[in-house]
Amino acid sequence: MSAPTSAKALAREKVKGLWIAIPTPFAADGRHVDEDVLAASVEHYVEGLRVDGIFCGGVMGEFWALSMDERKRVHELVARQAAGRVPVMAHVGHHVFQDVVELCEHAVERGIDFGIAMNPYYPPSPPPESVRAWYEALARASPLPMFLFNTTYSGYTLSPELIAELADLDNVCGIKNPQGTEHLLRVQELAGDRIVVTDASERHWLELHIEHGFQALMSTPALALYQRAGVLLVVGYTRLADSGDLEAARALSNRLGPARDAFDRWMREPWLERRVIPIAQLKAWLGLLGLPQGPVRPPLVPLTRDEELALRRDLEAAGLA
């Protein structure tokens with residue numbers, strides 16, 4: 001990755017289509033990563049759901065609850081199971097800068113295609129010049145092709161102008177930017193010529209793809225929550241759009257309305273209303289679809305029995321359970 005444009009060219013080539021954000025499965029006691037379940041899950045994502053890329057070890061992967069050794073092991077196992085069939089993006093963000101560098105070095109050694117680092121989150125809400133200096137230092141320390149991760153889970157938002165400055169760094173090749181549409185399109189306007197700009201919302205993917213030329217949905221657990229092997233509505237409407245049959249694409253996409261409403265209720269509202277990161281909800285949903293991922297780790301707590309029953313009713317109403 002020594003050439004200045006190599007990371008950016010790699011992202012333009014490989015970060016396309018439908019990328020999934022995956023949880024980290026734990027054994028029943030929560031003390032260990034369940035490596036067999038992780039390998040089987042990756043196989044399901046690649047062969048059953050036909051994803052175009054995998055994002056592992058991120059917010060949906062409970063990265064904050066993993067030791068450094070566990071984070072490395074998760075990244076390594078996902079890359080090994082994917083075996084080059086789809087590219088892998090590993091979350092390397094952390095509040096200890098040297099640990100970020102260590103995770104990047106490990107990713108390079110294991111042949112992981114991309115790193116992604118959420119906004120530095122402690123000390124909270126740093127000034128833009130500190131954020132810029134942090135990413136500049138990371139670019140000097142590692143050649144790993146890097147995505148920015150402009151997530152509200154970090155406690156603040158990178159401005160489009162700051163993102164445009166960071167897009168000049170040689171190894172910064174993309175951004176996962178789950179912000180409002182106005183912010184997203186402004187980032188595309190200011191930096192889309194240098195980095196791959198992506199959103200994480202399946203609900204908005206079709207229009208962003210058709211009307212604004214976005215090349216990837218990056219990255220969402222919805223691909224596993226809405227689909228099962230043989231019933232791939234998101235894959236289907238994306239392929240219809242790519243073939244030019246926009247009317248059929250929109251018709252197929254509209255069938256996901258009830259699933260999207262359930263997603264908003266269980267995966268968005270806990271964070272927006274109570275600042276609860278919805279990993280317990282994600283794992284319970286996957287379990288109801290036959291893909292159990294084990295418990296969550298503290299300080300997260302499992303769903304109550306009443307919540308599980310309510311989730312089951314919502315999934316049945318959406319035709320998913």
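Begin by selecting Arg 50, which sits in the loop between α2 (35-48) and β2 (53-56); helices here are DSSP runs of H or I with at least four residues and strands are runs of E with at least two, numbered from the N terminus. Although Arg 50 is not a glycine, its phi is positive, at about 60 degrees. Its relative accessibility of 43% makes Arg 50 partly exposed, a class that lies between buried (under 20% relative accessible area) and exposed (over 50%), computed with a 1.4 Å probe on protein chains only.

This is a predicted model, in which local features need pLDDT of at least 70 and side-chain atom pairs count only at pLDDT 80 or more, while totals for chains, interfaces and linings use all residues. Residues are numbered from 1 along each chain as its sequence is written, and side-chain values use heavy atoms, with hydrogens and water left out.

Select next the loop between β4 (114-118) and α5 (128-141), where Pro 123 is found. Tyr 122 and Pro 123 are joined by a cis peptide bond with omega of about 0 degrees. The loop between β4 and α5 also holds Ser 125, a residue other than glycine whose phi is positive, near 45 degrees; with a relative accessible area of 46%, Ser 125 is partly exposed. For another cis peptide bond, go to Pro 298 and Pro 299, where omega is near 10 degrees; Pro 299 belongs to the loop between α13 and α14.

Now colour the strands. They include an open sheet of eight, in the order β7-β6-β5-β4-β3-β2-β1-β8, with parallel pairing, where two strands pair if DSSP finds at least two bridges between them. At the edges are β7 (196-198) and β8 (216-217), each of which pairs on one side only. Strand β1 (residues 17-21) runs parallel to β8 and is joined to it by two bridges, with Leu 217 in β8 as the bridge partner of Leu 18. Moving along the sheet, select β5 (residues 146-149), which pairs with β6 in the parallel sense over four bridges; Phe 149 stands opposite Lys 176 in β6. Strand β6 (residues 172-176) is largely enclosed by the rest of the structure, because five of its five residues are buried.

Return to β1 and pick Ala 21, which lies in that strand. What does Ala 21 touch, not counting residues up to four places away in sequence? Its partners are Phe 55, Met 60, Ser 219, Thr 220 and Pro 221, contact meaning heavy atoms within 4.5 Å. Ala 21 is buried, at 6% relative accessible area.

For a side-chain pair, show Lys 72 in helix α3 (residues 68-82) together with Glu 102: their side chains are joined by a polar contact of 2.5 Å. A polar contact is a pair of N or O atoms within 3.5 Å; within protein, one must be able to donate a hydrogen and the other to accept it, and residues adjacent in sequence count only if both atoms are side-chain atoms. Lys 72 counts as buried, at 16% relative accessibility.

Of its 37 lining residues, Pro 178, Ala 200, Ser 201, Phe 263 and Arg 268 are the closest to its centre, and the elements giving two or more residues to the lining are α7 (181-191), α8 (202-212) and α12 (257-274). On a 1 Å grid over the protein atoms alone, a pocket is an open set of points with protein on both sides within 12 Å along at least five of seven lines, a cavity is a set of points where a 1.4 Å probe fits but cannot get out, and lining residues have an atom within 4 Å of a point.
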